[in-house]
Amino acid sequence: MAKSVFFSFHYERDVHRVQLVRNINALEGQPLLNAQRWEEVRRKGATAIEEWIHGQMAYKKAVIVLVGQETASRPWVIYEIEKAWTDKKPLLGIRIHGLSSFGTTDRLGANPFEKANIGSSIPIFDPTATDWQGNIDSQTTYKNLATNLEWWSGQGVIRSR
């Protein structure tokens, strides 16, 4: 496996897509909490969630935001982006709306880095492939992601000051 990264994403909507990303085995990410464990952390309140994020992000070499249809609207994703920026960790995005979750793909989501108010200099890579009719081809999208994930992970932007 390559470098260790922190994956930021919308849990409820995209956990299955994130599992596909992890299955590529190009990067080592934090352990994914199952729904029950996530509820345990969440029930303890904002401080417990922040402590979990800080603990998981602490020794990671980069933060990758896995951008789905609703990622930019998630407050904890925005928090993770802002923390990575403050901590001067390499930061980048990868679009995952084109990966299949239970047989369906999603629509393109908004740029979460703009929502986090850190500017537009953070790259968002998009492996999404379409067929000749313009429909998302999730299998080719996955292959594009598998081919490029490790290289993309090294293209993050770090806050300069």
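What percentage of the 161 residues of the protein count as buried? In this predicted model, the share that counts as buried is 46%.

**Figure 1. Overall fold of the predicted model.** The protein has 6 helices and 5 strands, which follow one another along the sequence in the pattern β-α-β-α-α-β-α-β-α-β-α. Its radius of gyration is 15 Å, close to the 15 Å that the globule rule gives for 161 residues, so the protein is as compact as a globular protein of that length. Along the principal axes, the C-alpha atoms fill a box of roughly 50 × 40 × 30 Å. Among contacts with a separation of 6 or more, 74% are between residues 24 or more positions apart.

**Figure 2. Setting of Lys 83 in helix H4.** Helix H4 comprises residues 75-86 and includes Lys 83. Lys 83 counts as buried because its relative accessibility is 15%, under the 20% cut-off. When residues up to four places away in sequence are not counted, Lys 83 touches Ile 53, His 54 and Met 57.

**Figure 3. Lys 83 with Asp 87 and Glu 50.** The side chains of Lys 83 and Asp 87 are joined by a polar contact of 2.5 Å. Glu 50 lies 33 residues from Lys 83 in sequence, with a C-alpha to C-alpha distance of 9.9 Å in space.

Definitions and conventions. Residues numbered from 1 in each chain as written. Predicted model: local features only at pLDDT ≥ 70, side-chain atom pairs only at ≥ 80, totals over all residues. Heavy atoms only, no water. Helix = DSSP H or I, 4+ residues; strand = E, 2+ residues; numbered from the N terminus. Buried < 20%, exposed > 50% of the residue type's maximum accessible area, 1.4 Å probe, protein only. Contact = heavy atoms within 4.5 Å. Polar contact = N/O pair within 3.5 Å; in protein donor to acceptor, adjacent residues only side chain to side chain. Rg over C-alpha atoms; globule rule 2.2 N^0.38 Å.
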